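Colleague: I have the sequence and the model open. Can we go through some of the labels and what backs them?

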Amino acid sequence: AQTIHQWPVAEIKAVGSPLSLGCTIKGKSSPNLYWYWQATGGTLQQLFYSITVGQVESVVQLNLSASRPKDDQFILSTEKLLLSHSGFYLCAWSLARGNTEVFFGKGTRLTVV
Amino acid sequence: GEQVEQRPPHLSVREGDSAFITCTYTDPNSYYFFWYKQEPGASLQLLMKVFSSTEINEGQGFTVLLNKKDTRLSLNLTAAHPGDSAAYFCAVSAGNMGYKLTFGTGTSLLVDP
């Protein structure tokens, strides 16, 4: 069975500090990987997707970056957090052929103060 | 790009009543449609995936209707119960952009016992 693990579960960070969020998918080879962001009470916005190791496509610009250093790992980061970065970050995966259902991790709740 | 409008943003029904949520999308080439449920503080749970070729899909306690002519996707929770209280999101994937999933703005459903 596939499992998706996100870390950390929650973070409180200061404006201007760096951030690194991680995601690992086990039990599925070469999945498509995604990062989504959800403002409190809001909808989900796709930030990045990756179809293979080392290749990441940006969907929206939010002063964030993403990397896929391994087939099963997806990292979201920034060097300087903004207040607007607060929210719920969800990592997700789908089968490699695309146009299939997307399965979500449990998310990381980020509060920037 | 694809835009998805979801109505209503908030819905309150009594236990046993129906709850009806609608999404209107803009890209007529959209091919895959999804409904997700998000309980407070939790991640997203896939309720149903709908292909563009099927107009009516039934799940456990709910029905999904797809009207391609009107570019409208609907979720009808029949005989709602308190456990159905959650946020519901539709999501749409265009046929040639399998990696881009556009979410609706969400509906917060409250089922009163």
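Modeller: Start with A:Ser77, partly exposed at a relative accessible area of 22%.

Colleague: Why is A:Ser77 called partly exposed?

Modeller: Buried means under 20% relative accessible area, exposed means over 50%, and partly exposed is in between (1.4 Å probe, protein chains only). A:Ser77 has 22%, so it is partly exposed. This is a predicted model: local features need pLDDT of at least 70, side-chain atom pairs count only at pLDDT 80 or more, and totals for chains, interfaces and linings use all residues. Residues are numbered from 1 along each chain as written, chains are lettered from A and ligands numbered from 1 in the order written, and side-chain values use heavy atoms, without hydrogens and water.

Colleague: What does A:Ser77 touch?

Modeller: Contact means heavy atoms within 4.5 Å. Leaving out residues up to four places away in sequence, A:Ser77 touches A:Leu19, A:Ser20, A:Leu64 and A:Ser65.

Colleague: Now chain B. What makes β7 and β8 of chain B a pair?

Modeller: Strands are DSSP runs (E, at least two residues), numbered from the N terminus. Two strands pair if DSSP finds at least two bridges between them. β7 (residues 62–67) and β8 (residues 72–77) of chain B have six bridges, so they pair, in the antiparallel sense. B:Phe62 has B:Leu77 in β8(B) as its bridge partner.

Colleague: Which strands make up the open sheet of chain B, and in what order?

Modeller: Five strands, antiparallel, in the order β1-β3-β8-β7-β6. β1 (4–7) and β6 (56–59) of chain B are at the edges; each has a single partner strand, so one side of each lacks a neighbour in the sheet.

Colleague: How do you know that B:Leu65 is partly exposed?

Modeller: B:Leu65 lies in β7 of chain B. Its relative accessibility is 34%, so it counts as partly exposed.

Key
Helix = DSSP H or I, 4+ residues; strand = E, 2+ residues; numbered from the N terminus.
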